[in-house]
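My notes follow in the order in which I made them.

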Amino acid sequence: MKDLVIIGGGPAGMSAAIAAYENGVKDILILERDENLGGILQQCIHNGFGLHKFGEELTGPEYAWRYEKKVRELGIEFKLNTMVLDVSEDKVVTATNTQDGIFQIEAKAIILAMGCRERSKGALNIAGSRPAGIYSAGTAQKFVNMKGYLPGKNIVILGSGDIGLIMARRMTLEGAKVHAVCELMPYSGGLARNIEQCLNDFDIPLKLSHTIIQIHGKDRVDGVTIAKVDERRKPIAGSEEYIPCDTILFSVGLVPENELSRTANVSLSPITNGAIVDQDRQTSIEGIFSCGNVLHVHDLVDYVSEEAEIAGKAAVEYIKGTKDDSVLIPVKTDGKIRYTVPQRITKKKDVAVYFRVSNIYKNVMIKVSDGDKTLLSKKKIKVAPGEMECITLKKEIFENAKELYFSLEEM
Amino acid sequence: MYDVTVIGAGVVGGLVARSLSKYKLRICILESENDVAMGATKANSAIVHAGFDAKEGSLKAKLNVRGNKMMEAVCNELGVKYIKNGSLVVGFSEEDRAVLNELMQRGITNNVEGLRIVEKDELHEMEPNLSDDIICALYAPTGGIVCPYTLAIAAIGNAMDNGAHLKCNFKVTGIDAAENGYKVSSENEFVTTRYVINCAGVYSDTIAKMVGDNSFDIHPRRGEYMLLDRECGDTVSHTIFRTPSKMGKGILVTPTVHNNLLLGPTSYDITDKENKDTTAVGFDAIINSTNETVKSVPVNKTITSFCGLRSVGSTGDFIINSPVKGFINAAGIESPGLTSSPAIAEYIEDMLKADGLALEVNPDYNPIRKPYYSFQEASPEEKNETIKENPAYGKIVCRCEGITEGEIIEAIRRNPQPRDLDGIKRRTRAQMGRCQGGFCGPYVTEILAKELGVSYESITKFGGESLINVELTKGGQS
């Protein structure tokens, strides 16, 4: 029996553990499948982490180490190389590792912090052959930064997600030539600063509204055919271009890894692919919380850490019996706002609502309303799917509301 | 000198070698690729056909029905998962119904058991996800599913455990008459043998021509498939065929033994025997057909797509004959080739016997091959026992399919030994799940390099020049 079991020892899991510990629950166990704490940050050796949280530019491993050091100082227990196989609705965690074999732990509360994975090439149905030389950007990052091997010399990247942009620069610094980054959408899904620092600074062309329509090569990739796409994202005949290359990297989106949430019967959102949570990041199952990229994909690890602190504190309240779940109201969106986290909130405290929009919009008004009544509106010069937005609501403005409706109006 | 040399380590070659390993024979299997099961065996519908398709009296009909009857026992001996899930050929119209009745009659003539037409109500109870436009179906309870490359690997592994040799990367370039048999050569080595069995798939015509047999040609017929996440495996429980037309058997929807959902194949005749490209046209055809047969197939849950080449013979039937003394063709083995494979092996065994090859029983022959240990399918107690004995079974490497380091090492150490990442994938399913090796690929590379005693950067995806990494990074150290 443990008070709190945290699944995942990445930035979310560690931050949640520290927050729980500092709020008075010390009987904590972190279960981590990798051989180190830190999660995906271990392979993110570029800088830019921690600007928001620490006011400094840290590398991924440096950022992770700030948390790992604290976990170690506080003496929070963790098990490495440990894979959780099942989480049950009544909070029994089944896991395995080489020392303990299969073991079960009953927990008073559980925090799900498993992170996300990259969408693979498979779902894209790209025609052509299946040679070696096709990787997700994160896999290439692992080869280069963790293993010390270069997976290729002449690269085409599909998708302008942040990992793809980071890898365009990383491969270039290793002496590879990145011939193009193709993006199906008319805008990039990555951060503006990454477009600037990873592509523009290295003269790597970003081809918006382009996709790979055919992969060539028998043993190893020897080229791709790319094409421009129309507004329905279909390739335009006559726009094809052949680019010789030996490697294709895919950076086509991240998917929260909720296999374990499903075993626990946690309700998931079809939009975020993560759990549906309240303001405390509690899922549909009382005492099971979710935070970080397993809940919804974040742009910055700083926000992951913040969100995990919320979950860690709330898990303590739950364990101590002080969490107040009364008077929850739903948060809904109009589609232009794709989703919010949380999706339901208590009327009893102030809340920060995070959201993403579904397209690039300029000069917009974000409105929060309850029926006909506008509770709050906020002007924005530009919003984009790649940048998460946040609005903090004081409880006074919604204490009589039946629901909160988030909408976007173009002005 | 070998007694029998089998050219081609697909499911047919594998089962032929395995059935001959019952006897005191020196057997060699030659394979041009880096691993076994690399041709049509790794990319087909994975169906054990009931036997109503093939024309009455054909070799296809006979061996299909016989193979269907043998399959369960063969799979049991070889530790291969086989599920008799039954198949349904669905009809949308009265014209289709007439074709289904014909098929049923043909099946009855072919000795297929249990065939019947099911009407709409019963059909939709059997398969609630079928389209409402379907009015009836031919139900074949003896239809089944099996993983073809698992079967080939197991058959070859079992043959090797019983003494057969396997030579991969042996691309046959010539067959010459030699004393009491043949000399089979590649560019840099050769074997001598009394008998040659030609199981070379799309290249079986090339091999036959090497002994002067110009009686047939093989052309490749492209078949593209889409494989969906295991989440979707319950969309249908039977194998769903469309009513055949002049265009062929059409695009099927079937669960696999691993509970993925498989959609395909397309059917285009091509000339290039190396062209396994998927096409945009093919994807559209698969998606459109599937949407007609089944409600709500989540095509966005596709985890991979691939293309196989059927070996279509110029005679319309399987070509199993001995054009010259000591040389046997098993050519043109297109559908229902997988189903027929155990029966083809038996048929060839009889041919050898009739030809006077002394088949003296090998007293050490063991028909049983232990399946690869499956951590996921073991009970918690078993898992703990196994981990205690060998802690490597406690380390999960492939998180999507739940495959442990122990299972990967076991696969590398058993016959036939995998030497590339795809070989590990086909044996263990590591890299076969929804992330397609994104996470575990680098670890599997490490385990394989260590077990084979080779460098990390020499590891390939499937042999040849299919290298995973091209060089060290600036600061990298091997």
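**Salt bridges and the interface**

I began with the total: over all chains the rule gives 62 salt bridges. A salt bridge here is a side-chain nitrogen of Lys or Arg within 4 Å of a carboxyl oxygen of Asp or Glu. I noted that the model is predicted, with pLDDT of at least 70 needed for local features and 80 or more for side-chain atom pairs, while totals for chains, interfaces and linings use all residues. Residues are numbered from 1 along each chain as its sequence is written, chains are lettered from A and ligands numbered from 1 in written order, and side-chain values use heavy atoms, without hydrogens and water.

**Entry: within a chain**

I looked up Arg427(B) and found its side chain in a salt bridge with Asp35(B), at 2.8 Å from N to O. Arg427(B) sits in helix α11 (residues 421–428) of chain B, and Asp35(B) lies 392 residues away in the loop between β2 and β3 of chain B. Helices (H or I, at least four residues) and strands (E, at least two) are DSSP runs, numbered from the N terminus. Are these two residues buried or exposed? Both Arg427(B) and Asp35(B) are buried. Buried means under 20% relative accessible area, exposed over 50%, and partly exposed in between (1.4 Å probe, protein chains only).

Arg232(A) is exposed, at 60% relative accessible area.

**Entry: between the chains**

I then turned to the interface, where 47 residues of chain A are in contact with 55 residues of chain B. Contact means heavy atoms within 4.5 Å. The two chains bury about 4200 Å² between them, 53% of it on carbon and sulfur atoms. Buried area is the accessible area (1.4 Å probe) that two parts lose on being put together, summed over both. In chain A, the residues that lose the most area to chain B are Asn125(A), Arg130(A) and Tyr149(A), together 17% of what that side buries.

How many salt bridges are there between chain A and chain B? I count five. Arg399(B) forms a salt bridge with Glu257(A), with the closest N and O atoms 2.7 Å apart.

I also found strand β12 (residues 149–150) of chain A paired with strand β23 (residues 471–472) of chain B, antiparallel, over two bridges. Two strands pair if DSSP finds at least two bridges between them. Tyr149(A) stands opposite Leu472(B) there.
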